[in-house]
Every structure is written in structure tokens, then in C-alpha cells.
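Please examine the sequence and the three-dimensional model shown below before reading the report.

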Amino acid sequence: MLLTALCQECFAFQTYLEEFMRRADRLLQIVQLLRRHRGPVTGDAMAEELEVSVRTLYRDIVSLQSTGVPIRGEAGVGYVLDEGYDLPPLMFNSDELEAVMMGLRHVQVRGDEQLIRTASDVIAKIAAVLSPEARDEFIEAPLYAPDVGVEPIPSARIELSDVRKAIRGQNKLRLIYEDAQGEMSERLIWPLSLTFFAQSRMIVAWCELRKDFRAFRTDRVEHMDVLEERYRENRVALRDRWWKMELARRERVAAEKAALRM
């Protein structure tokens, strides 16, 4: 009977430990979920993603708030995590390590010179804080981004690091630009993003000349000046507006192609 009682105690403790670990992992997932979203997230949406009941989610959020995690919630709106909050260093799981390495390897293949060096530095920094087992898993992640059979990206005449700095600082750029027909023009643009395609690199921007969004191939920029003048409209809001227009354009094109096939 004593042995039976001990077995029952062990089983009960193991069950408690597993439940504790599941809940701890779920609490971290809640923080990560809120960090991933810029705006409020409803309790229903969070509970669905975490595969728990809304009641369980509410209880977990109260637990996080009681430990000082700055989660704010408003009825009918959702939850947000205040800016500036960060967690202590955490261990990555296998999927996260592979996702990070896959992205970094892609940068090493298709990025510009500075980004390639930076990617190598990031790999070294992450590897330095991982456990020996996780470090081996990270370095030997079986995901690659080979450039075999991929056309070389045309060389840019400008420093892409200057473009990235201008994007971060919302500085205007003055370009001397050659279009696909070989026509030269001077453009004053508000750079929003730098996009790395397989065969080209594009600066997505608001063009003051065209009064609209435009994409400029970096290999067609003859000259570029980074201006002290900054554009006032929020870069993220502008980029989101461009992306909505781009999605609408793609839907129109798809609809037109579907109509032609009918």
C-alpha cells in the first residue's frame, strides 16, 4: 500500500509539473502574441490562437498583470502590451531557431554587402548566448537559401546603407533616375521600404513629382542625395496605405485575368 501511495503521489506531482510547464509556456506565448501585433488583440482571437478557453485566457492575463507585465485591456477593443517592455533572454525552440537561421541565410545570399556582414554578426551573437545543444542545432539548421540558378542582382550605383538610414530617419531623397525607356528625370521621394527581389532591389516611396507611390530600381539610380529635410507623415502609416493599394491592384489584375479565361 505504501508503494501504491508513493506511485500516486509521483503521478500527481508529475501531472502538476506538466500543467505548470504548459501554463508557463502559455504565459510566454501571450506576451509574444501581443508583441507581434501593433494594435489591440481581442480575447477571442488570442484564445483561438492559443487553443484555450476565453476564461483561461483572462485568468492568464490577470496573472501576468499581477507580476508587473504592462498589459492593458479595454472592453470591446482588446489587449495591448505597452511599448518598452521586454522579457529576459529566453531559449529558442527548434522551429524558432530554424526560422531565424533561414532568414539570415537568405540575407547572406541576397542582401547587400553591409547586410551580409551584419547577418554573420547576428549569427555569432545568437550562437554565443545559446546552450551548447541549441547552438549546434542553430548552426546546423537544415534550411538553406542557395543562389544556384538565380540571376545576379544588378549592381547599384548608390549605397543601400544610406537608403536604409534615410528610411529610418524619414529623410527625403533626391534621385537622378533612369526609367525603363532610358529617360532621365529628377525625383524627390519619401523612402518607405527597401525590397529585395530575386532579380532586383526596389525603393518603395512616395514620389512628389507623380503625387503617388512609386518603386525605383536601385540599379537605375544614377545619383542620390540624402536631404536634411524630413517628411512629416508617419512612414509606417504611409507604407500600410501603399500595401493596401498594392493588394487592391493585385486583386484587380487577378480578376481581369480570370475574366479573360472565361
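Predicted model: local features only at pLDDT ≥ 70, side-chain atom pairs only at ≥ 80, totals over all residues.

Residues are numbered from 1 along each chain as its sequence is written, and side-chain values use heavy atoms, with hydrogens and water left out.

Helices (H or I, at least four residues) and strands (E, at least two) are DSSP runs, numbered from the N terminus. Two strands count as paired if DSSP finds at least two bridges between them. An open sheet is built from five strands in the order β6-β5-β4-β3-β7, with antiparallel pairing. Because β6 (212-217) and β7 (221-230) stand at the edges with a single partner strand each, one side of each has no neighbour in the sheet. On average, neighbouring strands are turned by 45° against each other, direction ignored; axes are lines fitted to C-alpha atoms, for helices over the stretch in contact, and angles run from 0 to 180 degrees between N-to-C directions.

Six bridges join β5 (residues 201-207) and β6 in the antiparallel sense. Within this pair, Ile-203 is placed opposite Phe-216 of β6.

| Helix | Strands | Angle with β4 |
|---|---|---|
| α7 (residues 160-169) | touches β3 (171-178), β4 (184-196), β5 and β7 | about 80° |
| α8 (residues 235-261) | lies across β4, β5 and β6 | about 90° |

Methods
Contact = heavy atoms within 4.5 Å.
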